[in-house]
Amino acid sequence: MFTVCICTQFLYAALHGNMMHTSLHSGIQNYVVLHCSYFLYWCSVDELQRLLKDKEAYNAFFNSLDQVKTQNNLRDELRRETLQLARENLEREQRISELRNQCTIIRTTELATAEDRLADLERQKDEIMRHNG
């Protein structure tokens with residue numbers, strides 16, 4: 001989005017003759033502006049005005065920039081990877097649920113066994129205390 005603003009700002013600056021006043025903030029923006037400036041150097045004022053007025057022409061120009069193509073490809077690749085990870089997570093969901101259930105059963109069983117053993121030991125302690133007391 002910010003790259004679009006820089007490109008539009010650069011088009012306006014080119015039309016109004018104050019290219020030097022266009023501010024730059026990062027390497028990516030520098031690249032886009034340099035690409036724009038090279039393109040704009042060869043454009044007539046009519047062509048620049050057409051780009052500013054014709055949204056489709058502007059979008060075609062903007063989407064033809066190498067940096068925009070690279071960013072779009074990267075976005076698409078990240079989307080594909082994210083979808084793949086989501087699918088893998090969903091495939092594992094049933095197995096994870098089964099393992100959770102098994103853990104619950106084991107915990108419950110072991111807890112019951114440990115509680116029974118504790119109760120036996122407490123009874124034994126009470127008996128020993130009565131005999132020694």
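Q: Why are H3 and H4 described as roughly perpendicular to each other?
A: In this predicted model, helix H3 (residues 45-53) and helix H4 (residues 55-63) pack at an angle of about 100 degrees, with axes 5 Å apart. Angles of 65 to 115 degrees count as roughly perpendicular, and H3 and H4 are therefore given that description. Axes are lines fitted to C-alpha atoms over the stretch in contact, and angles run from 0 to 180 degrees between N-to-C directions.

Q: What makes the contact of H3 with H4, and which classes of residue does it have?
A: Arg 50, Leu 51 and Lys 53 of H3 meet Lys 55, Ala 57, Tyr 58 and Phe 61 of H4, where contact means heavy atoms within 4.5 Å. By class, the contact has four nonpolar, three charged and no polar residues.

Q: How do you know that the buried residues of H4 are on the same side?
A: Ala 57, Tyr 58, Phe 61 and Phe 62 are the buried residues of H4, buried being under 20% relative accessible area and exposed over 50% (1.4 Å probe, protein chains only). They cover an arc of only 130 degrees around the axis, so they are on the same side of H4. The face turned away from this buried side carries exposed Lys 55 and Glu 56.

Q: What is found at the start of H4?
A: A side-chain oxygen of Asp 54 reaches to within 3.1 Å of the backbone nitrogen of Glu 56.

Residues are numbered from 1 along each chain as its sequence is written. Local features need pLDDT of at least 70, side-chain atom pairs count only at pLDDT 80 or more, and totals for chains, interfaces and linings use all residues, while side-chain values use heavy atoms, leaving out hydrogens and water.

Notes: Helix = DSSP H or I, 4+ residues; strand = E, 2+ residues; numbered from the N terminus. Parallel < 35°, antiparallel > 145°, perpendicular 65-115°, else oblique. Nonpolar A, V, L, I, M, F, W, Y, C, P; charged D, E, K, R; others polar. Arc of directions from axis to C-beta. Polar contact = N/O pair within 3.5 Å; in protein donor to acceptor, adjacent residues only side chain to side chain.
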